[in-house]
Amino acid sequence: GAVLGIVGGGQLGRMSAVAAAQLGYRTHILTDEPEGPAAQVAHAVTIGAYDDPDALRRFATAVDVVTFEFENISADGLELLASLRPVRPSGHILRISQDRVAEKRFLTEAGIPVAPWREVSTPQDLSVARTDLGLPFILKTTRLGYDGKGQSRIRRDEDMQPAFDTLVPHPLVAEGMVDFACEISVMVARGLDGIAVTFDVTENRHRNGILDLSLAPARVPETIRDDARKIALRIADALDLVGLLGVEMFVDRDGQVLVNEIAPRPHNSGHWTMDACPVDQFAMHVRAVTGLPLPPAARHSDAAMKNLVGPDDMALWPAILATPGLLPHHYGKTEARPGRKMGHVNVLFPAGALPGEFGVDAALGPLAEGYGQQDDPTD
Ligand code: ATP
Ligand code: MG
Ligand code: MG
């Protein structure tokens with residue numbers, strides 16, 4: 001049987017490995033975490049740093065095709081892998097998504113709407129960005145940011161210098177603050193033959209900078225959902241994607257869809273597909289990178305997905321298991337540090353019957369939290 005190589009040992013690798021097993025593949029994980037979420041379920045593991053040529057070589061020669069759940073592998077590492085085995089999605093896509101400047105440049109050149117942005121290398125660039133974008137704006141590191149880390153909101157002129165000094169390394173990206181009505185995302189899969197499918201549009205709510213709740217389908221007009229799917233397909237084509245890509249977007253107050261960022265891998269906001277779709281995002285990902293046909297990204301139910309973050313949420317695990325209708329997914333992490341994603345819970349509703357906010361909250365049982373708890377976009 002064929003072996004799928006997955007770079008990265010976290011929960012996305014774990015769930016990809018389970019999906020791969022269901023399709024008859026074995027998986028081989030490259031990770032620096034011997035007991036991590038993916039290593040626990042994989043057929044084989046190479047332990048090593050992601051920039052260690054020996055580890056990369058041992059890993060690649062043990063597999064038939066390489067894919068990723070961890071995006072931040074070095075350019076040299078990508079080149080080494082690509083010299084040994086087919087790498088899907090290809091290295092050029094990872095290089096774009098690793099770097100916010102490259103990402104914004106690519107999106108802008110592809111004619112995809114994004115928030116106004118400026119590259120900021122010097123204090124002079126910063127004051128130009130301040131003038132061009134107005135207050136408030138956001139300053140972000142170009143690399144390695146996740147869960148809202150590596151970014152700072154500039155509300156007053158006095159915020160600029162401390163943020164510039166704290167966020168490293170430079171260059172940074174300054175982005176105009178989008179006064180969004182909501183955040184949405186689209187998972188798009190594209191096969192070797194160039195045929196692409198999109199899952200239904202997801203609505204996302206964050207808490208402390210971390211994705212908290214996803215709802216599918218997004219409660220936005222159908223025209224906006226169409227726009228979002230078309231944008232995701234255009235991005236997939238422009239990248240010549242083979243694999244799966246998550247596209248995060250804002251819907252602004254005028255109903256315009258702006259792309260925030262892209263991630264060429266399964267995405268947290270697509271976890272609802274695991275229970276609401278006959279072929280979920282992980283199965284679609286495995287199919288795309290192994291050259292299998294892509295079935296329609298159909299959805300049989302409406303769904304809500306709630307992330308389990310840190311020790312407080314995990315304290316509810318026994319209560320979650322005891323609540324009918326909650327569909328729990330555990331990532332196998334032993335230590336529940338604050339802010340760490342430990343698992344998620346899906347709840348299904350009949351297609352077309354996604355309830356309003358209070359109905360979703362009620363269905364979450366012990367995880368109900370009140371919608372007032374989510375991040376205020378203006379804050
Ligand atoms: P992720 O964990 O999704 O990778 P990240 O750390 O890469 O997150 P972003 O997605 O860029 O960061 O930003 C995190 C959140 O901050 C967004 O989901 C959104 O809520 C808010 N945000 C980011 N950029 C903007 C913007 N230009 N205008 C308004 N809100 C923004
Ligand atoms: Mg990100
Ligand atoms: Mg994001």
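1. Among the 100 residues of the largest nonpolar core, V188, I235, L245 and V247 touch the most other members. A nonpolar core is here a set of buried Ala, Val, Leu, Ile, Met, Phe, Trp, Tyr and Cys residues joined through C-beta atoms within 7 Å; buried denotes 20 or more other C-beta atoms within 10 Å of a residue's own, exposed 12 or fewer, and partly exposed the range in between, with C-beta atoms placed from the backbone. L245 is in contact with V188, I235, A236, I262, A263 and P264, neighbours within four places in sequence being left aside; contact requires C-beta atoms, placed from the backbone, within 7 Å.

2. The model is predicted: local features need pLDDT of at least 70 and side-chain atom pairs count only at pLDDT 80 or more, whereas totals for chains, interfaces and linings use all residues. Residues are numbered from 1 along each chain as its sequence is written, while chains are lettered from A and ligands numbered from 1 in the order in which they are written.

3. An open sheet is formed by four strands in the order 5-8-6-7, with antiparallel pairing. Strand 5 (117-120) and strand 7 (151-154) each have a single partner strand, so one side of each lacks a neighbour in the sheet. Neighbouring strands are turned by 20 degrees against each other on average, direction ignored. Helices (H or I, at least four residues) and strands (E, at least two) are DSSP runs numbered from the N terminus, and two strands pair if DSSP finds at least two bridges between them.

4. Strand 6 (residues 137-141) is joined to strand 7 by four bridges; L139 has S152 of strand 7 as its bridge partner. Helix 5 (residues 100-109) packs on the sheet, touching strands 5, 6 and 8 (172-176), and its direction makes about 50 degrees with that of strand 8. Helix 6 (residues 123-133) lies across strand 5, strand 6 and strand 8, at about 170 degrees to strand 5. Axes are lines fitted to C-alpha atoms, for helices over the stretch in contact, and angles run from 0 to 180 degrees between N-to-C directions.

5. The axes of helix 1 (residues 11-22) and helix 10 (residues 281-290) come within 8 Å and cross at roughly 65 degrees. Helix 1 is therefore roughly perpendicular to helix 10 (65 to 115 degrees). The contact involves M15, S16, A19, A20 and Q22 of helix 1 and F282, A283, H285 and V286 of helix 10.

6. M314, in helix 11 (residues 310-314), is partly exposed, with 17 other C-beta atoms within 10 Å.

Terms used
Two residues are in contact if their C-beta atoms, placed from the backbone, lie within 7 Å. Angles under 35 degrees count as roughly parallel, over 145 as roughly antiparallel, 65 to 115 as roughly perpendicular and the rest as oblique.
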